[in-house]
Structure formats: C-alpha cells, structure tokens
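Subject: Structure handover

Hi,

Here is the structure I promised to pass on. My notes on the sheet and one surface patch follow below it.

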Amino acid sequence: MDSLGGLYNFLADFFLIFGKYAVIFWQIAGVLFAVLLAKDCWPATGTINEKKTNRNYLLLSCFCILVMRLPTLIANELNPDESEWMAGAMTLVANPRFWGSVDGTTSGPLNIYPLCLLPLVGLKITYASVRLFAVLFIYFPVFLLLFHAIKTLFNSYVAKMALMPFTLFIAFIVHYDLNAYNSEQVPLLLLSTALYLATQLYKKESLALYFLLGFVFGILPFSKLQTVPMGGVIGLFSLYIILKSFSINKKYAFFKIGSMLFGILIPFFIVGFYLWSSNLTYDFIQSYIINNLAYAHGQGFLKLWLGLPAMIWIHTKAAIPFYASTCIIGIACIIIIVKSRKAIPDKSKPFLLLSLALFVTAWYSIGKPGTGFPHYQYFIVIPIIFLLGVFMGIANETNSNDVGQGKAFKSFVGISFFASLLLLYSGNKWLSTLYKDGKMVHENPVSIEVKKHVKEGDKIVVWGSMENKWGSQNKFYVETNTIQGTRESHSQRQEGYIGKEQHQYYLDRYIADMEANKPKVIIDVTGSRAYCNSFKAFCNLLDEKYFVDTEINLEGKDNIVPCKIYLKKQGQQ
C-alpha cells in the first residue's frame, strides 16, 4: 500500500525476519537499555569525567527512545487526530493559509505546520514519517532541554535520575494514543524550552534570554490554547526573577520586562497582520477562540480534578508503572527532606513553587475540557519530571548523610528500573499485529474506489464521522494522497456534535469551501440522507453538482459503515 511509504515497508520487512520472536527481542533490547541507563544513573564513587559520562548518558537515552519506538512506525492509523494533522499538512503544502485552507479546530497552526517540512526534504507524509519526526525533533529536544534545566538547578547526577523514568516511559509505552503524533507534542517542546530558558535566567540574566522566553510565550497559544495556564505559571516565575532584582537596578528591570513583552507581542503582531491581510480575522475568532472556549465547557469540581486519574485508570493502565514509580520516588524524597530537619535552600524554594504550580495547572488543563482523551496526559509528564527533579535536588542538598543518601538514591534507580520491566511485560501490540496479519496491505475498499477517480493532490471532502477497524474518516485523505476540499477533514462541527451554537457558521463555511474548491469526490459516511432535513444547503449542492457513483459497506468488528461515493456530474467544474 503506497500510502504507508518506504520507511514502513523497510521496517516491516526487517521485523518480519524475527517472526513470532520479534516481541521477545524487543523486550530483551528494552531490558538491556534499562540496565545500561540504571548503570549510568547509579551513584558513582571516585573521580569521574562528568562531561564524558553526561554525553554518554544523553546519547544512550536518545538511542533507547529511537530504537524502542521503531515498532510504532509500522502501526497504521492510531487515532483520528493523527490522520487529521497529516491531511492538514498535505493541504497546507498546497495552500499554506492556515484558517483559510485548513482549520485545526482546537489545535493551532504550530501543531500542523512542522509536518510540512517532510515533503520539503523529499519525504512523504506517512504514519511512519510523522512518528519518526516526533521522536527526532520533539522527544529528543524535550529530553535534552529538561536534562539541562534540572542540571542547571542542581547537578547532572540529579538530572540523570529524574530523567530516567521519562526516558523509559517514552521508549517503552505501547498505546494507540500515546504512540501517535498528537497535538500535545509541540506544546511539550515549547513548555520544555520555556522551562530551560527560565532556569538559565535564574542562573544568569540577559535581555536576549528574556526576549527568547517572551517569544516562546507568544507562540505557545498558537500550538494549543490548553497550554496557556502552564505557560502563564512560567511567565509569572519569570516576573518574579525580574522583581527580585528590581530594587537593585530599576532601569535594567524595566528593560528586562520590555524585552520579554516585545518577544511575546511579536507573534501576535505577525498573526494579526496575516489574519488582517488574508481576511481571516472573523474565521480565527470563530474557529479558534470561540470554538476553544465552547470546547472547554465548565466541569464540576470533582469531575475536573478526577479527570486525570479516571483517564489513566480507564484508558491507559499500561502507563500506571510510570505514574506509580514517580509518585513513590517523590514521596520518598519528601520523607528525606522532612527527616533531615534542615531548611530548604533559598535558591531552591522558587523552583519548588514553580514545579508545584506547573503540576497543578497541568492537571487542571487536562481535566478542564472534560473529554478524557488519553493523549492529554502528555501535559502532566513534563511537570512530573521537573517536580521529581526538584524534589531529588532538594533531598540531595538537605541530606548530609552520604551513606543513607546513597542507599536512597540507589533505590530510586531500582524503582525506575522495575517500573520499566512492568512496561515491557505487556509486550508490543504493533509487532504482534505485524506477525499475525502480515504487512498492512489491506487498503480501505472506499479508498481503493476513490483512487480510481483522483490523482495525488486532488481535493476530496468527507461528510460524517466514522471509526471502526478500517480507521477514521480522516484516513481517506492519507490513503488516497488527496487534500482537503473543506477546512476540516470531517463534519463534526457542521453537524452540531461540537459547539452547537456555532453550527450555522461551520455549515455555511463548509458549503462556501466546497463551492470554492470544487472537490472531485465527496465521501458520505453517514449511511442515509436523513441529514437533509437539517442541512438542506449541503444536500442541494450534492443534488445539483454530484451523483452517487458507488455505495460500499465498510464492515467493522462492531459496526457497519455504509459509505456513498459522490462524483461530479458531467459538465460541472
């Protein structure tokens, strides 16, 4: 199936060499990586070359994430959002006007634009390539930024131990939502960058760093508005750093505030000018601001704060070893700090408050929408690791008993290692599926039929939503190598499933997009024309310019999706 790409074919053929033992070899490799990382994190004795050991640890951690994540590259569609971002990126390559050609709904342009780099370097936008992109250009930088942030505050020893659970979790977790390219990954990179810059400022202030930090704050809302509370916490911390030295040099303090504000405002001016010049301001307000506010509808106190635990327990039990191990280590650090009966060092207090506030706001941001999507929990991973690093650093500073401290820190390494074994124990679904079903050559019959009438880069439209063994409605774009004929790759908002008060705006825009883009094919996955009672304008357009060419029933495990393929009538342009 050519839509899967050459990288998929290469890796699938490679893993098939190992046959039914592929999962076992993957687990053995995982154990070896965990042992090597534990050895690197083990409390050292004698003189060591810190620069060399740090370099080896960073290279080993990144290599571990890359190798252990390779099986995710052979999985087909893992969640509908992933296909939506891919379809959006393919559309933006042809027409780069975000909110004009593509609407990311609750996600901003920064989640989709990066994928446009793949075709620019000669790579096809496939499930394998976008997940490899996430590993190389999101997870690697996030890991390095967090390591250097914690190292700046304390030392490389603490940074290594704090990052070990993160490395093993990202490398070993097998879950459809946590292995897909999703809308939390770019925000994670931006938040990690902001944390790194904040720690550097605490060490040595400069106007350039304040400007860069402000710029990160400025672009953060255009990745996902859900991250704004977390960015706000880091922003308040940055103001604290400035105010701390306000009495010493008021003039320089105003320069620092000005530099940060300038950095914040630049992205808003750029986006504002783009929206004004493209006549997209109204669409931006409707589809990004109002839509996000409607999406994050109010939750009761209990539902908001129980959202994350419920999400983990219901959807991602596989991740429990990570959460349990970091919780145990964190509690142990608190016990060490309390038993030491020493005051927390003044230099560490602000970062303790920052890490706690970041953790609480991330928890809040996850629970606020009330939708419980498992990929939201990526927002809590960075705050957990940063908080763990601060706890470990303070425990290291306040405990003068080297013997007891050494034993405690060895136990931390042991807990992280044991948690990684539990992550590995459940195996690898993607390798098991490959061995059971062979290479994923069974293309959706609707996509096969559509490809008879379109070529790569043509525009199609999908009306309705579906999700069964064949994937989501967004997958049609990926399998047929076509681009969107409407700004969304689905019609959830047009049909009023999300943001009912905006239903008419979305429907009118949908019809206008179809009139302007003249898609070659329309795929209706609703199964009937009952929607014509409510969406007469859409049905009128169908009847006037299109005809039903083919009807196909997509049989899933639990449901059947009756699909109609509409083609243009002869003479319609």
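Strands β1 and β5 run parallel, joined by 4 bridges. Within this pairing, I460 has V521 of β5 as its bridge partner. Please keep in mind that this is a predicted model.

On to β7. Strand β5 (residues 521-524) runs antiparallel to β7 (residues 560-568), and 4 bridges link the two. Two of the partners in β7 are worth noting down. I522 is bridged to Y566. D524 is bridged to K564.

Now the whole sheet. It is open and has 5 strands, in the order β4-β1-β5-β7-β6. The pairing is mixed. At the edges are β4 (483-484) and β6 (546-555), each of which pairs on one side only.

What about the faces of β5: which residues cover each side? V521 and I523 are on one side, I522 and D524 on the other. All four residues are buried, and both faces of the strand are covered. Helix α22 (residues 503-517) lies across β1 (459-463) and β5. The helix runs at about 155° to β1.

Last, the surface. Y21, I24, F25, I28 and L32 make up a nonpolar patch there. Together they have about 500 Å² of accessible area. One of them, I28, sits in helix α2 (residues 22-41). Why can I28 belong to such a patch? Its relative accessible area is 44%, so I28 is partly exposed, and a patch residue needs over 30%.

Best wishes

How values were computed:
Residues are numbered from 1 along each chain as its sequence is written. This is a predicted model: local features need pLDDT of at least 70, side-chain atom pairs count only at pLDDT 80 or more; totals for chains, interfaces and linings use all residues. Side-chain values use heavy atoms; hydrogens and water are left out. Two strands pair if DSSP finds at least two bridges between them. Contact means heavy atoms within 4.5 Å. Axes are lines fitted to C-alpha atoms, for helices over the stretch in contact, and angles run from 0 to 180 degrees between N-to-C directions. Patches are made of residues with over 30% relative accessible area and no salt bridge: like charges are joined within 9 Å, nonpolar side chains (Val, Leu, Ile, Met, Phe, Trp, Tyr) within 5 Å. Accessible areas come from the Shrake-Rupley method with a 1.4 Å probe; for residues, only the protein chains shown count as cover. A salt bridge is a side-chain nitrogen of Lys or Arg within 4 Å of a carboxyl oxygen of Asp or Glu. Buried means under 20% relative accessible area, exposed over 50%, partly exposed in between (1.4 Å probe, protein chains only).
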